[in-house]
Amino acid sequence: MITFINGTLVATSPLLAVIETGGLGYDVHIPVTTAEKLPPAGAQVKLHTLAVYRQDAQTLYGFATVEERDFFRLLIDNVTGVGPKGALTIMSKLSLSLLENAIRAGDIATLANCPGIGKKTAERLVVELKSKLGAPAAGESILPGSSSPAGTAPVDSRQHDAVMALLALGYKPADADQAVRRAALALGGRVTTEALVKKALNG
């Protein structure tokens, strides 16, 4: 099993990265949330991968973190009607923390408002994954962007607060999440909630 790939990033698009390693070039299918974090072409990159074998194809999927790779596997193995392509679409719209917390909270509205998911798929995500994700620890918030339980990546509380601020201004969850992710990447380092909100609003 191919668990990661480490090499030179040759080219990238929102859903594909081409990585050269050992003299070979690999097409690695990725969600937008991973594409946002990739370095420029020519840089070294490491992606955590899952190889999916079908009768007519062998496809490699890559993710910025182990947690995202494992969530992708959880989606395609457990959610009825969601294959690799659908799972990538779902993970391209919302950050992992927002997805997991919405599923734990049974927040169908947040999930269904995400383009490409819809109400029926949102309901299946909650029904089929909620018990597998487990409940947040005692005293732990289930709001988008809050710290995640053991085994998932922690999320900066400033990003959470920035997402909440955009929601209060009328943004849809997916749009607010994406705007704050982009702002955090653009600003880099440890910045204030106010700076994240300002950058997200101004682009």
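Buried means under 20% relative accessible area, exposed over 50% and partly exposed in between, with a 1.4 Å probe and protein chains only. This is a predicted model, where local features need pLDDT of at least 70, side-chain atom pairs count only at pLDDT 80 or more, and totals for chains, interfaces and linings use all residues. Residues are numbered from 1 along each chain as its sequence is written, and side-chain values use heavy atoms, without hydrogens and water.

Q: What percentage of the residues in the chain is buried?
A: The chain has 203 residues. The buried share of them is 41%.

Q: How many helices and strands are in the chain?
A: Helices (H or I, at least four residues) and strands (E, at least two) are DSSP runs, numbered from the N terminus. From that end, the order of elements is β-β-β-α-β-β-α-α-α-α-α-α-α-α. The chain has nine helices and five strands.

Q: Why is α7 called oblique to α8?
A: Angles under 35 degrees count as roughly parallel, over 145 as roughly antiparallel, 65 to 115 as roughly perpendicular and the rest as oblique. The axes, lines fitted to C-alpha atoms over the stretch in contact, with angles from 0 to 180 degrees between N-to-C directions, come within 9 Å for α7 (residues 157-168) and α8 (residues 173-187) and cross at roughly 135°. Therefore α7 is oblique to α8.

Q: Which residues of α8 make the contact with α7?
A: Contact means heavy atoms within 4.5 Å. From α7, the residues taking part are Q159, A162, V163, L166 and L167. Their partners in α8 are P173, A176, D177, A179, V180 and A184.
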